[in-house]
Amino acid sequence: MLNIALFGPPGSGKGTQSKFIIDKYSLTYISTGDILREHISRQTTLGLQAKQLIDQGHLVPDELVVKLIEEKLNNAAKTNGFLFDGFPRTCSQAKILEQILAARRLNLNAMVSLEVPQAELVQRLLDRAKVQGRSDDTKEVIEARFKEYASKTMPVIDFYKALNKYHPVNGVGTLDEVFVRIQQVLDAFEK
Ligand code: AP5
Ligand code: MG
């Protein structure tokens with residue numbers, strides 16, 4: 001099994017690189033952002049609750065996200081491993097993930113952190129807004145997302161450093177260049 005958390009600020013390329021990773025390593029993809037957006041589009045109770053927070057650039061509560069992750073793990077078909085995109089993004093989520101994996105005799109092999117300078121991130125998100133129109137890709141909300149990232153999500157790096165699971169990857173370059181760097185990290189676990 002290969003279980004990976006793909007980490008990084010808004011716009012760092014988590015969703016983009018996830019596609020390449022799940023194809024090459026045959027992993028089951030779990031993106032909390034995608035699951036939440038799916039609830040929003042279905043207008044579920046959870047979706048309505050999450051939309052208000054997402055549209056302000058705030059994180060949704062840990063309990064809610066953890067419940068979604070447990071549901072996905074419980075209902076997953078047999079797999080080579082899991083790729084978590086955008087989870088965990090608080091220290092509390094990271095601690096709970098260690099526990100819920102251990103309870104299933106699983107282990108997170110690595111946290112791969114995509115590192116990109118903030119000016120490029122903002123540009124990428126504003127460019128994406130023109131083609132995709134995600135409701136949280138406006139200038140004001142992007143700013144709020146970065147604030148949440150700095151205060152609540154960055155500390156997760158130290159959590160994984162202490163467990164020797166933190167693997168920074170330069171996220172600047174072509175999609176192929178970034179994917180080559182990610183493979184250099186992940187291939188070490190496949191052997
Ligand atoms: P989420 O959907 O996870 O959004 P995010 O973390 O803000 O990240 P993005 O999806 O915007 O960026 P990305 O890193 O996936 O980059 P992408 O590949 O798209 O979360 C949304 C919200 O949901 C949160 O704000 C929060 O409210 C809530 N939420 C989600 N998870 C949660 C959790 N665990 N706890 C609590 N709340 C949670 O790339 C971006 C753009 O750049 C694209 O246009 C792409 O084409 C382009 N690009 C990609 N790579 C490159 C490259 N190498 N060079 C140039 N351009 C590139
Ligand atoms: Mg994404």
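Colleague: Which helices supply at least two residues each of the shell around ligand 1?
Modeller: They are helix H1 (14-25), helix H2 (32-42) and helix H6 (118-132). H2 gives the most, with four residues. Bear in mind that this is a predicted model.

Colleague: How many residues surround ligand 1, and which are the closest?
Modeller: The shell has 30 residues, and the closest are Thr16, Thr32, His58, Arg128 and Arg145. A residue belongs to the shell because one of its heavy atoms lies within 4 Å of the ligand.

Colleague: How do the residues of that shell divide into nonpolar, polar and charged?
Modeller: There are 10 nonpolar, 12 polar and eight charged residues around ligand 1.

Colleague: What makes the pair between Arg145 and ligand 1 a polar contact?
Modeller: A polar side-chain atom of Arg145 lies 2.7 Å from an oxygen atom of the ligand. The cut-off for N or O pairs is 3.5 Å, so the pair qualifies. Gln93 also qualifies, because an N or O atom of its side chain is 2.9 Å from a nitrogen atom of ligand 1. For Arg124 the distance from a side-chain N or O atom to a nitrogen atom of ligand 1 is 3.4 Å, so this pair too is within the 3.5 Å limit.

Colleague: How much of ligand 1 does the protein bury?
Modeller: Taken alone, ligand 1 exposes 1000 Å², and the protein buries 87% of that.

Colleague: Where does ligand 1 sit?
Modeller: Ligand 1 sits in the largest pocket.

Colleague: Why is the pair Asp127 and Lys130 called a salt bridge?
Modeller: Their closest N and O atoms are 3.5 Å apart, and the limit is 4 Å, so the pair meets the criterion. Asp127 and Lys130 are three residues apart in helix H6, which means that about one helical turn separates them. The structure holds 12 salt bridges.

Colleague: What makes the peptide bond between Phe87 and Pro88 a cis one?
Modeller: Its omega is about 0°. Pro88 lies in the loop between strand S3 (82-85) and helix H5 (91-102).

Technical notes: Residues are numbered from 1 along each chain as its sequence is written. Chains are lettered from A and ligands numbered from 1 in the order in which they are written. This is a predicted model: local features need pLDDT of at least 70, side-chain atom pairs count only at pLDDT 80 or more; totals for chains, interfaces and linings use all residues. Side-chain values use heavy atoms; hydrogens and water are left out. A polar contact is a pair of N or O atoms within 3.5 Å; within protein, one must be able to donate a hydrogen and the other to accept it, and residues adjacent in sequence count only if both atoms are side-chain atoms. Accessible areas come from the Shrake-Rupley method with a 1.4 Å probe; for residues, only the protein chains shown count as cover. On a 1 Å grid over the protein atoms alone, a cavity is a set of points where a 1.4 Å probe fits but cannot get out, and a pocket is an open set with protein on both sides within 12 Å along at least five of seven lines; lining residues have an atom within 4 Å of a point. A molecule sits in a cavity or pocket if more than half of its atoms lie within 2 Å of its grid points. Ala, Val, Leu, Ile, Met, Phe, Trp, Tyr, Cys and Pro count as nonpolar, Asp, Glu, Lys and Arg as charged, and the others, Gly among them, as polar. A salt bridge is a side-chain nitrogen of Lys or Arg within 4 Å of a carboxyl oxygen of Asp or Glu.
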